[in-house]
Amino acid sequence: MNLEIMKQNRAIILDRDGVLIEDKDYSYKLEDLVLLPGVIEGLKLLHIKYKLFIVTNQSGIGKGFYTVNDFFIYNNYLISLLKKEGIRIEETFFCPHLKEENCECRKPKPKYLFDIRNGWKIDLKLSWMIGDHPSDILFGINGGCKTVYMSTGHGEKHLNELISQKIKPTVISSNFLNAAEKILEFTL
């Protein structure tokens with residue numbers, strides 16, 4: 001099968017903080033942005049067969065720690081770093097709301113997965129969600145994706161929560177490159 005055709009209907013959906021970059025609790029300053037080990041190498045592998053998207057909860061906006069504009073400046077800087085490495089992020093989706101607001105766009109609700117499916121004709125059953133919170137894994141499961149739970153970021157802290165809630169990711173990994181390699185093992 002032609003790789004470009006295969007890539008057209010499958011996606012990797014990435015949480016941002018704690019998965020791609022160090023999670024420094026409500027980071028929005030450019031000097032705080034640090035890519036995690038294996039991210040560039042892993043994304044380069046995944047980019048061959050998958051479209052890449054970021055879906056991130058950003059309650060720091062709702063709490064008044066930073067603005068939507070601060071978010072875009074910070075996120076666009078990350079996107080530009082990845083682009084310099086030949087990695088294209090199709091789009092970033094973010095929820096600026098507090099958990100208590102019970103909005104439709106906050107993970108684990110699958111609104112943004114369905115937006116990705118509909119906007120890019122993505123087959124969610126062929127797609128993966130990578131995150132470091134139980135809500136990321138539930139988000140992927142709620143949308144019909146396979147999932148990778150990263151023990152990076154907040155992942156180690158929430159591992160017991162994942163187990164106690166009987167949330168079962170497809171893969172658990174402590175390194176992004178290793179996670180990418182595992183995904184490719186599942187890929188037809």
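## Close-up views of a predicted model

**View 1. Leu-52 of strand β2 meets a partner in strand β3.** The bridge partner of Leu-52 in β3 is Ile-89. This is a predicted model, so please read each view with that in mind. Strand β3 covers residues 89–95, and its pairing with β2 is parallel, with six bridges.

View 2. Strand β1, made of residues 11–14, runs parallel to β2, and four bridges join the pair. To get from β1 to β2, the chain passes through helix α2 (residues 39–49), making a right-handed β-α-β crossover.

**View 3. Strand β2 is covered on both faces.** In a regular strand, side chains alternate between the two faces of the sheet. In β2, one side carries Lys-51, Phe-53, Val-55 and Asn-57, the other carries Leu-52, Ile-54 and Thr-56, and all of these are buried. Because seven of the seven residues in β2 (residues 51–57) are buried, the strand is largely enclosed by the rest of the structure.

**View 4. Leu-14 and its neighbours.** Leaving aside residues up to four places away in sequence, Leu-14 touches Leu-52, Phe-53, Ile-54 and Val-55, among others. Its contacts also include Leu-20, Leu-43, Ile-89, Met-129, Ile-130 and Phe-176.

**View 5. Cysteines without a disulfide.** A disulfide is a covalent bond between the sulfur atoms of two cysteines. With a cut-off of 2.5 Å between sulfur atoms, the model has zero disulfides. Cys-95 is in no disulfide, as the nearest cysteine sulfur, in Cys-103, lies 3.5 Å away. Is Cys-95 buried or exposed? With a relative accessibility of 0%, Cys-95 counts as buried. For Cys-145, the closest cysteine sulfur is that of Cys-105, and at 17 Å it is too far for a bond. Cys-145 counts as buried too, with 9% relative accessibility.

Methods. Residues are numbered from 1 along each chain as its sequence is written. This is a predicted model: local features need pLDDT of at least 70, side-chain atom pairs count only at pLDDT 80 or more; totals for chains, interfaces and linings use all residues. Side-chain values use heavy atoms; hydrogens and water are left out. Buried means under 20% relative accessible area, exposed over 50%, partly exposed in between (1.4 Å probe, protein chains only). Helices (H or I, at least four residues) and strands (E, at least two) are DSSP runs, numbered from the N terminus. Two strands pair if DSSP finds at least two bridges between them. A crossover is right-handed if, with the strands pointing away from the viewer, the path from the first strand over the helix to the second runs clockwise. Contact means heavy atoms within 4.5 Å.
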